[in-house]
Each structure stands twice: as structure tokens, then as C-alpha cells.
Amino acid sequence: MALQEADLLPIYQHLHQIPELGLEEHETQAYLLSIIAKMPQTYLTIKQIPSLDTAILVKVSGQSHDYRIGYRTDIDGLPVTEATDLPFKSQHPGKMHACGHDIHMSVALGILSYFAENQPTTDMIFMFQPAEENASGGMRLYQSGALDQDWMPDEIFAFHDNPDLPAGAIGCRMGTLFAGTCEIHAHLTGKSGHAAFPHNANDMVVAGSALVQQLQTIVSRNVDPIQSGVVTLGHFTAGTIGNVIAGEAQIDGTIRALTQDMNLHIQRRVRTIVEGIALAYDCQIDLDLHQGGYYPVENNDAITADFMQYMQKDADVNFIETRPAMTGEDFGYLIHQIPGTMFWLGVDSPYSLHSEHMVPHTSAIMAGVNAMTGYLTHRNDLQK
Ligand SMILES: CC(=O)N[C@@H](CCC[C@H](N)C(=O)O)C(=O)O
């Protein structure tokens with residue numbers, strides 16, 4: 001029998017205990033392979049990718065082979081120290097599934113187990129993809145070539161869990177669901193010195209502070225207010241002690257925008273401001289702007305209209321039309337290449353994604369499996 005709630009709950013709890021960072025998901029991969037190995041193998045082909053060695057691809061052979069439906073889950077955790085009191089909390093110090101990818105994997109296994117027993121009309125490609133959080137796993141997967149030829153989906157689906165939606169609710173919208181992101185890394189080099197002799201030094205606390213202030217003008221002064229954007233600088237370190245002038249500083253952050261044009265516009269403004277600060281404060285600033293394929297997640301019109309209509313009509317689904325969000329996703333790269341739909345699955349937690357307290361509601365798992373086995377069967381049947 002396909003995996004049911006009683007099977008998926010311990011699977012989820014085990015995955016929750018073994019979070020691993022992007023590109024290091026070896027224990028996770030071995031566990032996923034062990035679960036997939038217990039499914040009926042008649043229709044399954046498993047593929048591993050030498051250049052992305054923690055990924056798993058599984059093809060479910062359909063009754064015909066001229067169309068392929070893709071389903072992707074991410075598998076990585078975050079460098080967050082878990083602060084929940086769950087009996088199955090993370091066993092890996094300093095790492096946690098704080099973004100709910102353990103829920104994503106559990107739902108994917110549930111859906112895969114259904115189609116392993118109920119041969120779909122068309123081929124299906126399940127992607128267990130590493131490194132969503134920071135290392136461009138979606139882009140790496142696509143560029144690895146592993147999806148080429150008869151593994152390349154014609155359409156693609158994925159979800160992200162959402163603590164703000166009721167457990168099990170499906171959220172989606174036409175157009176852009178998630179922002180495109182771009183990491184900002186700036187290293188400032190001036191000259192350290194004694195606090196008493198500022199004229200003999202070049203203070204990177206002052207230059208860095210000016211840079212932070214200037215970058216904060218981009219959204220208020222350079223972004224069309226009818227559109228939107230985010231520039232967040234989450235990390236700023238400089239110096240060692242109060243009476244030594246800091247000769248270096250490091251500032252890291254992220255850009256968010258709902259269109260690629262706006263993302264590129266903000267990137268250009270960051271570059272110009274950095275050049276201006278380097279000139280004004282007579283220092284060197286090494287700037288790295290890194291997008292890595294985190295494009296806006298732009299849902300395909302026809303597929304998403306069908307998805308929303310189906311979910312609205314399904315009496316067992318609590319469907320909620322959502323607004324775009326400034327979270328990023330490397331699914332943006334995949335959906336840029338392959339038309340598809342990304343959606344939210346509600347997990348009803350008072351704590352946000354990436355919080356050390358985040359505890360998703362596990363009733364979402366079976367709700368997600370049921371909604372998506374139904375929907376993917378419908379998408380299969382359209383190919384009859
Ligand atoms: C769902 C989620 O939280 N995704 C991450 C993606 C990170 C993108 C990249 N590392 C960046 O910070 O720009 C997010 O932070 O939205």
C-alpha cells in the first residue's frame with residue numbers, strides 16, 4: 001500500500017532529526033533511498049548524479065512515454081540551532097530543518113509511493129534536490145544535464161510550506177509567487193589604527209555604516225513604489241575592541257524583487273553606491289553580487305489556472321489565493337526553464353520559516369499528499 005499517515009509521520013520525524021547543509025545531504029540521501037527501495041519497483045528507475053552527488057532522481061514509468069510530469073522537493077537544512085522541545089529534535093548540532101524541507105520530502109515520498117503502485121498515464125520525474133537554501137541546487141540540477149532527453153519534464157510542480165496558512169491549506173496565485181533574490185557580499189578595506197589618532201587611520205566602521213545607510217535609500221528612492229523590492233543587510237562585522245580603529249569590515253545581505261528587471265535594477269544601484277562610498281571614504285570595497293539562479297518563481301499561466309481551478313473544486317482542499325512573497329527559491333531557476341506551478345502548503349506555526357522554534361503541523365503532510373496525488377493524476381489524465 002502507498003505510504004499513509006502512520007508511515008509518513010515517523011519518516012518525517014526521522015528526517016527532522018538528521019538535517020544537513022546544502023551539498024552535504026549524504027545521510028538524508030541514504031535514508032530517502034532506503035524508503036524508496038521499500039516501494040514496489042516495477043515502474044521505478046533511480047538515477048544518481050555524479051556532479052551533484054546528494055541528489056536523487058526517480059522516474060516512474062507511465063503507460064506512455066511521450067510526456068513527463070516533474071515533481072521536485074528540496075532536501076537541505078539550515079545552520080540553525082534548534083530550540084524546540086520536540087522529542088525528535090535535531091541530532092545534528094547547529095543544524096535544523098527550520099525551513100520545513102523535512103515536510104517537503106515526506107510529502108514527496110507519499111506522492112511517489114502512490115504512483116509506484118498506481119502506474120500513471122505518462123512518465124513522471126521525481127527530483128530530490130539538494131541545496132535550495134544557499135548553493136543554487138536547482139540550477140546545479142538543471143545544468144548537470146541529468147534531466148536531459150528522456151528525463152526532462154515537460155511541466156513541473158513543487159511547494160513550500162507556509163507557517164501563516166492553516167495546516168493542510170493549499171495556497172497559490174497566478175504570476176509571480178516568490179521573489180528573485182541576489183546575495184550581497186561586500187568586504188571593506190581601509191587602515192586600522194589607535195582610537196586617539198583617527199587622522200592616521202581609515203575607519204571601516206564609519207565607511208561601512210555609511211554604506212549601510214546609503215543602500216537603504218535604494219528601495220525608498222530608486223524603486224517604483226507601485227512595484228516593490230527589499231535590500232536587507234543581515235550581517236555587519238568590523239573591528240575588535242573599542243579603542244582600535246577597524247581597518248576592515250564585512251557586510252552581507254540580500255536583494256529581493258518580484259521581477260528580474262527590478263532585481264537587476266537594484267543590483268546596478270548597489271554597485272553604483274558601493275563605488276561612491278569607496279571613493280568618498282578612500283577605501284577598497286570588494287563587492288560580490290551573487291544571484292545563482294534564484295530567479296523570481298513565475299508560475300505558468302495555463303498550468304496554474306488549471307491548478308487553481310482543480311484545487312478550488314476539490315471539496316477536501318482548503319484553497320487560499322495568496323499574495324506574492326519576498327522569500328526566494330531556487331525553483332525559480334527550474335520554472336524559468338520548464339513551465340509549471342509552485343504553491344504553498346500551510347503548516348500553521350506561530351514561528352516563521354528559518355526560526356529555531358518553527359514546528360510545522362504534521363497534519364499538513366497527508367493533506368499535501370492527497371491534494372497532489374489527485375492533482376497529478378488529473379494532469380496525467382489530460383495526456384490520455
Ligand atoms: C524559502 C526560503 O527561505 N528561501 C531562501 C532562499 C535564499 C536565497 C539566497 N541565499 C539569498 O539569501 O539571496 C530565502 O532566504 O528566501
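This is a predicted model: local features need pLDDT of at least 70, side-chain atom pairs count only at pLDDT 80 or more; totals for chains, interfaces and linings use all residues.
**Entry 1: the salt bridges**

I began with charged pairs, and my search of the structure gave seven salt bridges. By the cut-off I opened with, both D330 and R72 are buried.

R72 has a further partner in D74, the two side chains meeting in a salt bridge at 3.8 Å, N to O. I checked the accessibility of this pair too, and found R72 buried and D74 likewise.

Next I turned to R379 and D306, whose side chains form a salt bridge at 2.8 Å, N to O. The pair links distant parts of the chain, with R379 in helix α10 (residues 363-381) and D306 in helix α8 (residues 301-313), 73 residues apart. R379 and D306 are both buried. Going back to R72, I noted that salt bridges with shared partners join R72, D74, E329 and D330 into one network.

**Entry 2: a charge without a salt bridge**

What does D161 have around it, given that it is buried yet has no salt bridge? I placed D161 in strand β5 (residues 155-162), and found that the nearest side chain of opposite charge is that of R72, 9.6 Å away.

The side chain of D161 does make polar contacts, one with the side chain of H104 at 3.0 Å and another with the side chain of H160 at 3.0 Å. Leaving aside neighbours within four places in sequence, I listed the contacts of D161, among them C99, G100, I103, W344, L345 and M358.

**Entry 3: the ligand**

I then listed the surroundings of the ligand and counted 13 residues, of which the closest are E183, T254, R256, G328 and H354. For R256, a polar side-chain atom lies 2.8 Å from an oxygen atom of the ligand. On the nitrogen side, I noted a polar side-chain atom of E132 at 3.3 Å from a nitrogen atom of the ligand.

**Entry 4: the cysteines**

How many disulfides does a search of the whole structure find? I found zero. For C182, the nearest cysteine sulfur is that of C99, and it is 19 Å away. I recorded C182 as buried because its relative accessibility is 0%, and C283 as buried because its relative accessible area is 11%.

**Entry 5: Q29**

I located Q29 in helix α2 (residues 26-37), and I class Q29 as buried because its relative accessible area is 7%. A polar atom of the Q29 side chain lies 2.9 Å from the backbone oxygen of D53. Apart from neighbours within four places in sequence, Q29 is in contact with Q48, D53, T54, A55 and I56.

Which parts of the structure hold H361 and T272? I found H361 in the loop between β16 (340-346) and α10, where it counts as partly exposed because its relative accessibility is 41%. The side chain of H361 makes a polar contact with the side chain of S363 at 3.1 Å. Beyond neighbours within four places in sequence, H361 is in contact with A167, V347 and D348. I also took the C-alpha separation of H361 and P163, which is 8.6 Å for residues 198 apart along the chain.

T272 lies in helix α7 (residues 260-280), and I class T272 as partly exposed because its relative accessibility is 43%. Its C-alpha atom is separated by 9.9 Å from that of L215, 57 residues apart along the chain.

Notes:
Residues are numbered from 1 along each chain as its sequence is written. Side-chain values use heavy atoms; hydrogens and water are left out. A disulfide is a pair of cysteine sulfur atoms within 2.5 Å. Buried means under 20% relative accessible area, exposed over 50%, partly exposed in between (1.4 Å probe, protein chains only). Helices (H or I, at least four residues) and strands (E, at least two) are DSSP runs, numbered from the N terminus. Lys and Arg count as positive and Asp and Glu as negative; His and the chain ends are not counted. A salt bridge is a side-chain nitrogen of Lys or Arg within 4 Å of a carboxyl oxygen of Asp or Glu. A polar contact is a pair of N or O atoms within 3.5 Å; within protein, one must be able to donate a hydrogen and the other to accept it, and residues adjacent in sequence count only if both atoms are side-chain atoms. Contact means heavy atoms within 4.5 Å. A residue is near a molecule or strand if one of its heavy atoms lies within 4 Å of it.
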